[in-house]
Number of protein chains: 2
Amino acid sequence: MTCALGIDFGTESARAVLVDCTDGRELGARVEPYAHGVIDARLPGPDDDVELEADWALQHPSDYLESLRIAVRRLLAETGVSPDEVVGIGIDFTSCSMLPTLADGTPLCLLEDLRREPHAWVKLWKHHAAQPEADRINAVAAERGERWLPRYGGKISSEWFFAKALQILDEAPELYARAARLIEACDWIVWQLTGVESRSACAAGYKAMWSKRDGFPPPEYFGALDPRFEHVVDEKLSRTLLPPGARAGALSARAAAWTGLRAGMPVAVGNVDFHGSVPATTVTAPGTLVMIMGTSNGLLLLGDELVEVEGMCGVVEDGIVPGYFGYEAGQSALGDIFAWFTRHAVPPEYHEAARARGVDVHDVLAEEAAALRPGESGLLALDWWNGNRSVLVDADLRGLLVGMTLATRAPEIYRALIEATAFGTRVIVEAFEHAGLRVDTIVACGGLPDRNPLLMQIFADVAGRDIAVAASHQAPALGAAMWGAVAAGAAAGGHATIADASSRMARLSGTRFAPRPDHREPYDLLYDEYRCLHDFFGRGGDDVMRRLKRLRNAAADADPVPFTQS
Amino acid sequence: MTCALGIDFGTESARAVLVDCTDGRELGARVEPYAHGVIDARLPGPDDDVELEADWALQHPSDYLESLRIAVRRLLAETGVSPDEVVGIGIDFTSCSMLPTLADGTPLCLLEDLRREPHAWVKLWKHHAAQPEADRINAVAAERGERWLPRYGGKISSEWFFAKALQILDEAPELYARAARLIEACDWIVWQLTGVESRSACAAGYKAMWSKRDGFPPPEYFGALDPRFEHVVDEKLSRTLLPPGARAGALSARAAAWTGLRAGMPVAVGNVDFHGSVPATTVTAPGTLVMIMGTSNGLLLLGDELVEVEGMCGVVEDGIVPGYFGYEAGQSALGDIFAWFTRHAVPPEYHEAARARGVDVHDVLAEEAAALRPGESGLLALDWWNGNRSVLVDADLRGLLVGMTLATRAPEIYRALIEATAFGTRVIVEAFEHAGLRVDTIVACGGLPDRNPLLMQIFADVAGRDIAVAASHQAPALGAAMWGAVAAGAAAGGHATIADASSRMARLSGTRFAPRPDHREPYDLLYDEYRCLHDFFGRGGDDVMRRLKRLRNAAADADPVPFTQS
């Protein structure tokens with residue numbers, strides 16, 4: 001038997017899986033939480049007195065190594081797999097999560113004189129304090145007509161690499177100067193495993209404006225942001241980027257010692273979690289949309305050519321599967337909306353019914369909601385509780401619900417929220433099609449497809465397409481293992497290509513949701529209404545959402561005034 | 001001492017109060033529920049087998065008399081007031097609540113051969129089954145250019161007198177033929193007390209398209225609705241209408257016997273509850289808006305002239321206070337919206353907190369909501385959970401809420417709903433002003449002012465006007481007593497005019513809400529946003545609410561389809 005090891009670094013924990021290379025059978029899995037979790041209040045340390053500002057989100061790089069070490073050791077012990085049977089290892093990571101290091105890879109936060117400096121730590125993907133830098137990056141790019149800008153829907157996010165790097169320069173220039181390297185966490189982990197620095201083309205393509213044809217933005221552009229930033233790429237990054245599945249190096253003796261794995265084992269270049277997991281859903285060619293349905297919804301699609309898609313997050317050649325352009329779009333909230341609803345807007349009777357029946361409150365709501373026909377709630381929502389990522393690329397947009405009467409009940413709202421997210425997906429599907437990309441069928445993975453069949457059925461009804469469900473409940477970790485198998489190669493018991501790996505190691509669950517023909521027409525009508533509200537509130541017909549946000553921010557800064565009742 | 005008796009016939013009960021004519025002191029009060037309450041499922045009777053259709057709401061006329069009898073007898077006994085000290089009696093009633101009777105006033109439903117006929121019973125104000133008739137009444141009036149139509153905002157309601165009368169003719173023509181009289185319940189009660197039929201100008205003006213200058217619509221109009229309806233006024237109503245405070249007659253010996261009151265005591269003509277209660281809030285002249293704040297919000301204003309106000313419910317000369325034009329507008333839901341919200345959209349934690357503290361959930365929500373500044377919730381609502389009465393006159397409009405994020409909490413929504421109802425009131429105030437009517441100050445009465453100070457404060461902030469609160473918790477009953485005192489006259493120990501009665505018998509509570517100056521600007525900004533959405537969704541910018549209602553009705557008729565998950 002040969003197997004591959006995949007490690008998926010999430011927001012709260014690392015997950016390791018051992019997968020049989022011949023049939024994709026999962027031999028074992030371990031999840032190990034990070035000791036410090038998400039650091040968003042104060043820095044760790046003996047004194048514990050450095051407080052973080054709002055919107056900061058950091059992590060401790062040692063946590064990654066320790067969670068990896070424990071997970072792999074326990075996995076080997078529990079499965080009884082011999083280190084010799086493991087042919088390759090792949091890594092995926094949240095992104096952009098990045099850190100400054102010395103030239104040898106030592107994180108700056110581990111230096112005694114820098115550990116009290118917030119900018120020395122890992123900036124987690126959801127660190128949102130670099131918005132001023134993102135604004136500058138976008139403004140200067142628009143002004144200069146940077147050719148990479150359209151590949152990212154015309155706007156990059158504060159979560160991305162250069163926004164975070166520029167924030168370090170802006171706020172901690174001396175620390176910036178001491179950082180020999182600025183590096184994605186996935187690349188840093190691979191460096192720790194191999195002793196050799198490598199850079200992921202996937203992460204750089206989706207989060208650092210890099211492309212295979214044009215490379216990074218030119219020094220003049222970075223210089224226009226800040227003269228000290230002009231040579232950031234040559235000074236702190238690398239112009240050598242490896243496509244997914246490339247061998248980044250071999251497991252070092254040192255890493256072999258602390259993990260218990262075999263020294264010399266091939267290690268694949270790092271990957272972004274969503275993107276790396278696409279082949280784990282069986283998709284390695286154009287025509288099938290992958291939906292990664294969790295707290296948010298990630299939509300990934302392969303294409304043969306480079307085209308411009310309205311409001312996409314990014315397109316990267318070889319970014320998902322070598323040989324294709326990988327398109328990414330997204331909905332910034334999916335499961336989060338239903339979680340918000342059940343937590344903050346569902347009255348006690350449904351919670352009590354759930355408790356009495358020993359089920360989740362979602363199940364009680366879904367049961368009643370499933371008995372409704374399209375349109376029967378009389379409600380319509382805009383699913384912008386966390387802004388709109390695609391196709392409007394506007395974080396200031398807000399949720400909307402219309403149609404309430406005194407007879408409106410919680411299950412009706414629940415269904416309207418599901419329908420709104422499905423309409424939001426349909427807008428993205430139509431944007432792909434409008435750009436000339438095929439969306440013949442859909443495969444879903446992530447946490448929601450198994451938990452919420454009503455949601456899946458409504459998505460199929462609204463999209464008018466079959467939705468298959470990936471078998472693996474941990475597609476990112478499986479994908480990482482598959483990329484590890486590709487890095488190992490067929491001769492070593494791995495696979496020659498990701499298509500080979502996918503055909504042997506990935507499968508669908510067998511669950512498939514087919515659109516109900518009689519739901520087509522009412523959902524087309526409702527979708528027309530959704531588009532109408534979508535364009536009115538999202539494209540400037542009424543900027544009320546943005547103005548409400550401004551009023552909100554202004555109000556939050558002032559003190560409340562007592563009543564003047566006399 | 002002289003005192004007056006007021007009887008307020010509500011939806012569920014009759015309330016009787018005895019009030020000192022010299023100082024308005026309440027000597028005692030009794031509430032007596034109707035034995036049969038609201039009849040909306042099946043007719044009362046030994047067999048109990050006549051089921052009512054949807055939207056029907058009937059009452060039993062004997063309940064009115066019995067509740068009155070018990071209330072008055074107990075009131076006299078409890079207060080020790082001698083019948084000789086009671087100088088006059090006034091009646092107010094929900095409206096339009098109407099019934100068919102024989103020529104002697106016997107309700108048709110008391111006839112053995114008609115008691116199983118739904119149309120023989122009292123149609124309560126909220127009987128909503130006459131919508132087809134209302135539609136016909138409006139269409140024919142618009143077609144003929146009836147001059148009374150603009151006085152009612154261009155549209156009359158299915159709740160009104162001729163819609164209900166026409167429904168009887170449409171659906172039970174033989175019963176219609178046997179009805180010698182069709183009569184408002186307030187007039188029927190006065191008839192029972194005096195033995196003489198009289199008709200309220202207030203009820204006829206607001207609910208039966210009558211005006212002092214033009215009388216009822218012409219026979220040609222009624223004939224155009226149905227040839228058999230041409231002479232409905234002369235056949236079944238009366239062209240003699242008495243203004244508020246007029247003496248309808250003297251208490252008959254028979255009524256004196258069953259009530260325990262003094263025969264010969266003056267009885268005032270009947271009144272509509274909202275309208276009759278205006279002087280009880282101290283208002284008998286133009287310039288002060290009266291808000292009757294309960295499940296809905298009734299807005300009444302006196303004017304010196306007849307003007308056209310957009311979307312008003314009606315204007316009646318002498319309809320509220322003789323000598324003035326009485327303008328009525330309304331919001332079709334007020335307290336109902338907050339009741340809906342707390343019942344159907346507030347999560348358990350607030351209910352638990354309320355239980356733990358022994359307070360109402362409204363109090364817990366209001367406490368947190370009060371700590372917010374205008375706009376801080378980031379939310380904005382359209383308060384159309386029950387349609388929009390004024391100024392849009394459109395029952396098909398629906399509620400809307402915009403601005404939700406994952407951080408939105410129930411108290412923020414609660415406040416946004418309060419703000420929306422306040423904005424809705426401001427739209428009406430501005431419509432009055434635009435028509436040339438003065439709104440210098442506001443007096444509130446009804447159930448909400450004492451229960452919800454946050455609501456009152458926000459109404460004051462948004463309206464930019466002081467809001468005083470009437471002292472009486474039962475303004476309609478007090479108003480009825482005051483009109484009874486006027487019917488008695490000054491010589492008998494009552495009052496010569498309603499202004500005299502008001503100055504002696506009515507007072508404010510002392511509670512007054514003053515607008516907070518620093519809330520002016522943010523609420524002006526939010527109000528602009530409200531107006532923008534109001535006009536977009538209410539005046540045809542996007543008819544999505546109406547289309548959602550149609551989709552809803554179509555969907556409700558079809559069967560649900562099971563999942564096709566495979």
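Through which surface do the copies, chain A and chain B, meet?

1. **The interface.** The copies meet through the same surface, because 100% of the interface residues of chain B are also interface residues in chain A. Keep in mind that this is a predicted model.

2. **Symmetry.** Chain B can be laid on chain A by a turn of 179 degrees and a shift of 0.2 Å along the axis.

3. **Chain A overall.** Chain A holds 20 helices and 20 strands. Its radius of gyration is 24 Å, close to the 24 Å that the globule rule gives for 566 residues, so chain A is as compact as a globular protein of that length. The C-alpha trace of chain A spans about 70 × 60 × 50 Å along its principal axes.

4. **Burial and contacts in chain A.** Of the 566 residues in chain A, 63% are buried. Take the contacts in chain A with a separation of 6 or more: 72% of them come from residues 24 or more positions apart. The accessible surface of chain A is about 19200 Å². Carbon and sulfur atoms account for 49% of that surface.

5. **Helix α14 in chain A.** This helix covers residues 410-434 of chain A. Its 25 residues should span 36 Å at 1.5 Å a residue, and the end C-alpha atoms are 36 Å apart, which agrees. Is α14(A) enclosed by the rest of the structure or exposed? It is largely enclosed, because 22 of the 25 residues of α14(A) are buried. A:Gly436 follows α14(A) and has a positive phi, near 100 degrees.

6. **Helix α14 in chain B.** Residues 410-434 of chain B form α14(B). B:Gly436 comes after α14(B), with a positive phi near 100 degrees.

7. **Salt bridges within chain A.** Side chains of opposite charge can pair when their charged atoms come close. The whole structure has 80 salt bridges over all chains. One of them links A:Asp20 and A:Arg25, with 3.2 Å between the closest N and O atoms. A:Asp20 counts as buried at 4% relative accessibility, whereas A:Arg25 is partly exposed at 45%. Another joins the side chains of A:Asp234 and A:Arg239, at 2.8 Å from N to O. Here A:Asp234 is partly exposed at 48% relative accessibility, and A:Arg239 is partly exposed at 43%.

8. **A salt bridge between chains.** B:Glu349 pairs with A:Arg343, and their closest N and O atoms are 2.7 Å apart. B:Glu349 lies in helix α12 (residues 348-357) of chain B and A:Arg343 in helix α11 (residues 335-344) of chain A, so the pair joins two chains. B:Glu349 counts as partly exposed at 32% relative accessibility. A:Arg343 is partly exposed too, at 47%.

9. **A salt-bridge network.** A:Arg426, A:Glu430, A:Arg520, A:Asp524 and A:Arg531 form one network, joined by salt bridges that share partners.

10. **Cis peptide bonds.** Most residues other than glycine have a negative phi, and most peptide bonds are trans. A:Ser390 and A:Val391 are joined by a cis peptide bond, with omega about 5 degrees. A:Val391 sits in the loop between β16 (380-382) and β17 (399-404) of chain A. In chain B, a cis peptide bond joins B:Ser95 and B:Cys96, with omega about -5 degrees. B:Cys96 is in the loop between β5 (86-93) and β6 (98-101) of chain B.

11. A:Met209 is not a glycine, yet its phi is positive, about 55 degrees. It lies in the loop between α6 (201-207) and α7 (219-225) of chain A. A:Met209 is buried, with a relative accessible area of 1%. B:Thr282 also has a positive phi, near 85 degrees. Its place is the loop between α10 (273-276) and β12 (287-293) of chain B. B:Thr282 counts as partly exposed at 29% relative accessibility.

12. **Around B:Ser13.** B:Ser13 belongs to strand β2 (residues 13-20) of chain B. B:Ser13 and B:Pro33 are 20 residues apart in sequence, but 3.8 Å apart in space, C-alpha to C-alpha. Leaving aside neighbours within four places in sequence, the contacts of B:Ser13 include B:Asp8, B:Val31 and B:Tyr34.

Definitions and conventions
Residues are numbered from 1 along each chain as its sequence is written. Chains are lettered from A and ligands numbered from 1 in the order in which they are written. Side-chain values use heavy atoms; hydrogens and water are left out. A salt bridge is a side-chain nitrogen of Lys or Arg within 4 Å of a carboxyl oxygen of Asp or Glu. Buried means under 20% relative accessible area, exposed over 50%, partly exposed in between (1.4 Å probe, protein chains only). Helices (H or I, at least four residues) and strands (E, at least two) are DSSP runs, numbered from the N terminus. Copies are superposed by least squares on the C-alpha atoms of residues with pLDDT of at least 70 in both. Contact means heavy atoms within 4.5 Å. The expected span of a helix is 1.5 Å times one less than its number of residues. The radius of gyration is taken over C-alpha atoms; the globule rule is 2.2 Å times the number of residues to the power 0.38. Accessible areas come from the Shrake-Rupley method with a 1.4 Å probe; for residues, only the protein chains shown count as cover.
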